[in-house]
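Have the sequence and the 3D view ready.

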Amino acid sequence: MSHPSPGSAKGRRLLQFTLPGCWGALVLACLSFTPSLLPRGGVLQGLICGITAAIGYGLGVLAAYVWRAFADRDARSASRRSWLVLLVSAAVLFGLSFGLGQYWQHEIRALMGVTDYDVVTAVACPFVAAVVFWLLLLAGRGLRRLYHWAAELLGRWIGPRAARVVGWLLAAGLAWSAVSGLLLGGFVNAANEAFSVRDSQTPEGVHQPTSTLRSGGPGSLVPWDSLGRQGRAFTGSGPTAQDIGAFTHHPAQEPVRAYAGLTTSDDTETRAARAVADLQRAGGFERENLLVMTTTGSGWVDPAAVDSFEYLGGGDSATVAMQYSYLPSWLSYLVDQSKARAAGRELFDAVYDVWSKLPQDRRPRLFVAGESLGSFGGETAFSGEYDLRNRTAGTLFAGPPNFNTLFREFSDQRDAGSPEIEPVYKEGRTVRFTDDPVTGMPPADRPWDGTRVLYLMHPSDPIVWWSPRLAFSEPDWIGEAPGSDVLEGMVWMPLVTFWQVTADLPFSTGVPDGHGHTYKAEYVDGWNAVMRPTGFTAQDLERLRDIVRPQS
């Protein structure tokens, strides 16, 4: 009589599934095809589908365990008929969900003007989902085996119930440590090393400035080699006096741009002081308009933000910024929040210290701006609405992350009846919000005197709307009427929506201007509203949008 080999028995165990778990996986896998904020390619959809299916499997197993506990009975094998019903249901429901998912993605692409569509990756979606699901299931079973081993070992010295509890705690603690410490920490360290190498490079077409008005140029206190990749791109580019004069049809000045790279100093305060010292050397405090720009993680400054500021100011402007990380924005968004906070506060305080000591009639108009994590850093220098109004001439923040302190305060305490995607705070007396300044910055019937603070935020920007609370709590913005580039079919579902919006984050800038986390032309009308320059017509602003908008 032959017996199955240990290897074949182990293989069968790896292929064993529970019926409740499979039903849970099927339901959540189908729900994963519902629309979120941005268009999703086939590989990304497969990743989301696999993750949510694994979560559904775990929830199904847990639900069955709880039910058996209340019913006081042991687990039993499902009948062949039950498995047949599952298979038929899976074929129908998954096929229907996949088809609807393709339709919804087509609709989102149409809303945003996206024409790219890869049939191969769309077909690969179910296979990617199966691989991801299987890997996560294996990881879960490995964790369960670790628990059983720990509980059995502990059972030699303590009671069985206590051994099971402690075993679960040990297994969960080890898993968390592995993910947050070894995996995440190792990934961040490797990314930091890789991007630090890239930071030593100079973008193509960028050359060391020959003007004394730029950091890294003649007489600068900040060497060209210390500016970093993004710093060199910032000071080595931008509109010239001739460019600005051609737009305004008036004589223009060359703007001042000061910057300090990460290698300028290991200390944030010292780095900020060096940037401000170079700003002062170049005559930045003698200009009419002075902009404190908090960068994104890698030190990137959106050219559209600063170019618009300089054009509308006729070149009589100065901008200062500094780097605080090597990591790209989406990764800094997750791990470098403390550095962004310190950089935003130290840079503004250093500028304000010099600015406040100038005679009042010689002070430039002081503005603050930041995009994405830069808005988070820029906010940290201020305590609230009154502080922004009293210490600046105007502020423009674009794509604020959901965890921004002041953004959350203004949004959560918005006036009754105003939606979360375009809130009204204190009747718009100082702070206002818009997804497109051309269409208006509500409330249109209320005065907006004195300092103006404006937030640009697209309804489809996952940076603005992502939050851990999405996993178990429905936000107001989903329950309200959707924005102009978000499908009405988007609904909130526990866990599913969280993973969908999480997957949108790395691809938030891969959509056309005016959608997702891409802010370009909006800066023209945003700065026009905040700075209130004179002499520009609607046709002039349209020409400037064409200038600052990247050519496709």
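Helix α19 (residues 522-531) and helix α20 (residues 538-548) pack with their axes 8 Å apart, at an angle of about 130 degrees. This is a predicted model: local features need pLDDT of at least 70, side-chain atom pairs count only at pLDDT 80 or more, and totals for chains, interfaces and linings use all residues. Residues are numbered from 1 along each chain as its sequence is written, and side-chain values use heavy atoms, with hydrogens and water left out.

Helices are DSSP runs (H or I, at least four residues), numbered from the N terminus. Axes are lines fitted to C-alpha atoms over the stretch in contact, and angles run from 0 to 180 degrees between N-to-C directions.

α19 and α20 are therefore oblique to each other. Oblique covers the angles left over from under 35 degrees (roughly parallel), over 145 (roughly antiparallel) and 65 to 115 (roughly perpendicular). What about α3 and α18? Helix α3 (residues 42-71) and helix α18 (residues 496-504) have axes that come within 10 Å and cross at roughly 150 degrees. They are therefore roughly antiparallel.

Contact means heavy atoms within 4.5 Å. The table lists the residues.

| α19 and α20 | α19: V524, D525, N528 | α20: L541, L544, R545, V548 |

Methods
Helix = DSSP H or I, 4+ residues; strand = E, 2+ residues; numbered from the N terminus.
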